[in-house]
Amino acid sequence: MASASIWTPLWLSALAGAVTVTVLGTVLLVIGGRRVVARSAEYQRVNQLLAASARTAQLRAFDDALLTAAEEVKAMTHASSALCAALDAHGEWVGMIVDGDGGKPAPTEAVAALRELAEEDHTAREIDLHERLLTTRLALPPARTVVVTAARDGAVPFVAGSFRDGRISRVPSSRVKTLQSFVDQAALSVANARLFEEIEAAYLHQLDLNRQKGEFVATVSHELRTPVAAIIGTIETVSRLGDRLDDERRANLLAGAVGYGERLSRVIEELLLVAAAEQSTSTIRSVEIDLPGFVRQIVKETSVATDGRVVATVRPVSGVIRTDESKLQRVLLNLIENAAKYAPDGPIEIEVMAAGARVVFFVTDHGPGIAAADRERVFERFVQLNQSLTRSQGGLGLGLYLCRQLATVLDGELVLTETPGGGCSFCLAVSRDLSSTVEAADAPPSAAGGVLRRPAKRAVAGAAV
């Protein structure tokens, strides 16, 4: 019995030691397994990050790069939807949303709301949208939470949002870090895509300019040769026939030569005006003008070119009007002659009214009009939308370009809109009190594409000129 009592504690001690070793082994095995699983998950996330970055880096279109980035964000976080937005080449924020229905452009309100969340804290984090204002929740895709990330020191500002239906903290912190790393890489890809688009657009624009310059040289050659040849031919005819020409025939030939000389003079004057406006060497000489009388003179000078189709209305304008009369006249003459060339039928309306510190001139025709995509192009140098009509009626294709340049010199702007029912409506707004003898370089630039609209109703009835 004594020996049994001696051996029992030894047996229990051995058993306890074995259990301890087993437990420790199990604990170590579990810890090791967890480490293996964690390393495996981290390895998968890294591979996913590399693959996603590679797919995004291959894109060369800005919108495609945003769309692919949003797809990768959605897949990476197992989200219901994702939104990626970045600053485009025009300085505007553009976004793409990917959800169960595919990808689509993001509304401006959604991009603004995501940017606002990202600017609160520049680190990646998960936000409970139920704690946000209703306006923010309505602007963003429907979700309970959103993981907001923003690129750190990217070449292009870039933000991303991963929207989930679950409660907050469902997304592990490691996944948020992985998403942050991807967003940094995606920002570079989006920046490269934007740069690629800018370079391609600049290249295509340069090709178009070269083509336009070639057409411009051909047009100038035609416009110079035609009147010169006509003048030389008239002089040679009069010289060769001498007294055999009767007075009426001689007068007709000389009148034709004078007309061609005036045409040549207009071509040269237009070229000089364009050169002066581009080199900022043009000066303005401000004088007081009588608007009704000024408009009557415009109508008179364009009566032949328009077959008397100009209808003018001048609204009462109080106060003194001071501007460069010759340059303002040149702009309006060009606009009316342009309307007569491209709108051969129907009235050509010129309307004048006051608008605060400016005087506004509307020149409206009812012709075929100009497509929305070309309404800014017509103000560029060398652009001629209808080459056949230009060749048959003459012109350098610099008329509207010169008009906008002179509008800038007159401290104003010139825009083109569509006439209701068809046609073109040019709106010229110039300062009503321009300082005398001011260099063109001192005049503020024209706000091309600014909003100038004719008021829907006018309290003061106008008087026809």
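Helix H2 lies across strands S1, S2 (93–99), S3 and S6 (158–164), running at about 45° to S2. Helices (H or I, at least four residues) and strands (E, at least two) are DSSP runs numbered from the N terminus. Axes are lines fitted to C-alpha atoms, for helices over the stretch in contact; angles run from 0 to 180 degrees between N-to-C directions. The model is predicted: local features need pLDDT of at least 70, side-chain atom pairs count only at pLDDT 80 or more, and totals for chains, interfaces and linings use all residues. Residues are numbered from 1 along each chain as its sequence is written, and side-chain values use heavy atoms, with hydrogens and water left out.

The chain holds 11 helices and 16 strands. Of its 465 residues, 40% are buried. Buried means under 20% relative accessible area, exposed over 50%, and partly exposed in between (1.4 Å probe, protein chains only). The accessible surface of the chain is about 25200 Å². Carbon and sulfur atoms contribute 57% of this surface. Areas come from the Shrake-Rupley method with a 1.4 Å probe; for residues, only the protein chains shown count as cover. Among contacts in the chain with a separation of 6 or more, 68% join residues 24 or more positions apart. A contact has heavy atoms within 4.5 Å.

An open sheet of 6 strands has the order S3-S2-S1-S6-S5-S4, with antiparallel pairing. The edge strands are S3 (102–105) and S4, each of which pairs on one side only. On average, neighbouring strands of this sheet are turned by 20° against each other, direction ignored. Two strands pair if DSSP finds at least two bridges between them.

S4 pairs with S5 (residues 145–150) in the antiparallel sense over 4 bridges. Within S5, Val 147 is the bridge partner of Glu 126.

Two loop residues stand out by backbone angle. Most residues other than glycine have a negative phi. His 78 has a positive phi near 55°. This residue lies in the loop between helix H2 (62–77) and strand S1 (81–87). His 78 counts as exposed because its relative accessibility is 58%. Asp 411 has a positive phi near 60°. Its loop runs between helix H11 (399–409) and strand S13 (413–418). Asp 411 counts as partly exposed because its relative accessibility is 24%.

Helix H9 (residues 325–342) contains Asn 334. Asn 334 is buried, since its relative accessible area is 9%. Leaving aside neighbours within four places in sequence, Asn 334 is in contact with Glu 270, Gly 399, Leu 402 and Cys 403.

On the surface, Tyr 203, Leu 204 and Leu 207 form a nonpolar patch with about 320 Å² of accessible area together. Patches are made of residues with over 30% relative accessible area and no salt bridge; like charges are joined within 9 Å, nonpolar side chains (Val, Leu, Ile, Met, Phe, Trp, Tyr) within 5 Å. A salt bridge is a side-chain nitrogen of Lys or Arg within 4 Å of a carboxyl oxygen of Asp or Glu. Leu 207 lies in helix H5 (residues 173–241). At 41% relative accessibility, this leucine counts as partly exposed.
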